[in-house]
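Please examine the model below.

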Amino acid sequence: MTSTATPAPKKPVVPPTEIAQTTKPQIAPMNVGGALIFWVIAFACGGVSMLWAFFVGLAYGINESSAVVMAFFAPFIAGVLITDVVLIALQKRLAVIFAYIAIGLSALYAIVQSAVIFANSTSVRSSYDYYYSAGNSDSQALILMLGTIVVSLVVAGLTALYFVVSTRVKQTLVK
């Protein structure tokens, strides 16, 4: 007897698949806008204000230690802020570094100025430093100095955080 065996079904042959390459989609650069334009305006106003503060510091001269601190820091802060405005307008990556420098210098200025005013308010009271000596209490002056330092650091940190996490900054400052 002959038996007819049916052949086993063949497994379908699947052609090898190509591995798709995953790349980040290229996002077109953005123009300066959104919240970044706010910082451009703020830095421009801050730069001009610090130029004015420089001349105010010179006008008070060495008679007021606060004025000396102002005259020392103001041109540096003004220069960095105005340069940063130009770099942001030109969409340069270097603008982020200048923003960090400006933020850091501004916080340092506020801290040093606060310490100088505190030192003056606990020894010699002047009309320029009047609000740090409210009620002629050294403890009140200390609290105000510490408050100024904390607020300066928080504002600097939050401002720097914008430049770290902002999609607008990453897509705009690409050159």
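In this predicted model, Q91 has a relative accessibility of 11% and therefore counts as buried, since the cut-off for that class is under 20%. The residue belongs to the loop that joins α2 and α3.

In soluble globular proteins, nonpolar side chains tend to be buried together. Here the largest nonpolar core comprises 31 residues, and the members that touch the most others are F43, M50, I88, Y109, F163 and V169. At least two residues of this core come from each of α1 (34–60), α2 (65–89), α3 (94–123) and α4 (138–165). The greatest contribution is that of α2, which supplies eleven residues.

Y109 illustrates the packing in more detail. When neighbours within four places in sequence are set aside, Y109 is in contact with M50, V69, M70, F73 and I77.

The empty space may be considered next. Rolling a probe the size of a water molecule over the atoms shows where such space is left. The largest pocket holds about 380 Å³. Its lining consists of 16 residues, and those nearest the centre of the pocket are F43, G46, L81, A102 and S106. Two or more lining residues are given by each of α1, α2, α3 and α4. How is this lining divided by class into nonpolar, polar and charged residues? Twelve of the lining residues are nonpolar and four are polar, while none is charged.

Conventions
Residues numbered from 1 in each chain as written. Predicted model: local features only at pLDDT ≥ 70, side-chain atom pairs only at ≥ 80, totals over all residues. Heavy atoms only, no water. Core = buried A, V, L, I, M, F, W, Y, C linked by side-chain atoms within 4.5 Å. Buried < 20%, exposed > 50% of the residue type's maximum accessible area, 1.4 Å probe, protein only. Helix = DSSP H or I, 4+ residues; strand = E, 2+ residues; numbered from the N terminus. Contact = heavy atoms within 4.5 Å. 1 Å grid on protein atoms, 1.4 Å probe; cavity = no way out; pocket = protein on both sides within 12 Å on 5 of 7 lines; lining within 4 Å. Points joined across faces, edges and corners; volume = space filled by probe spheres on them. Nonpolar A, V, L, I, M, F, W, Y, C, P; charged D, E, K, R; others polar.
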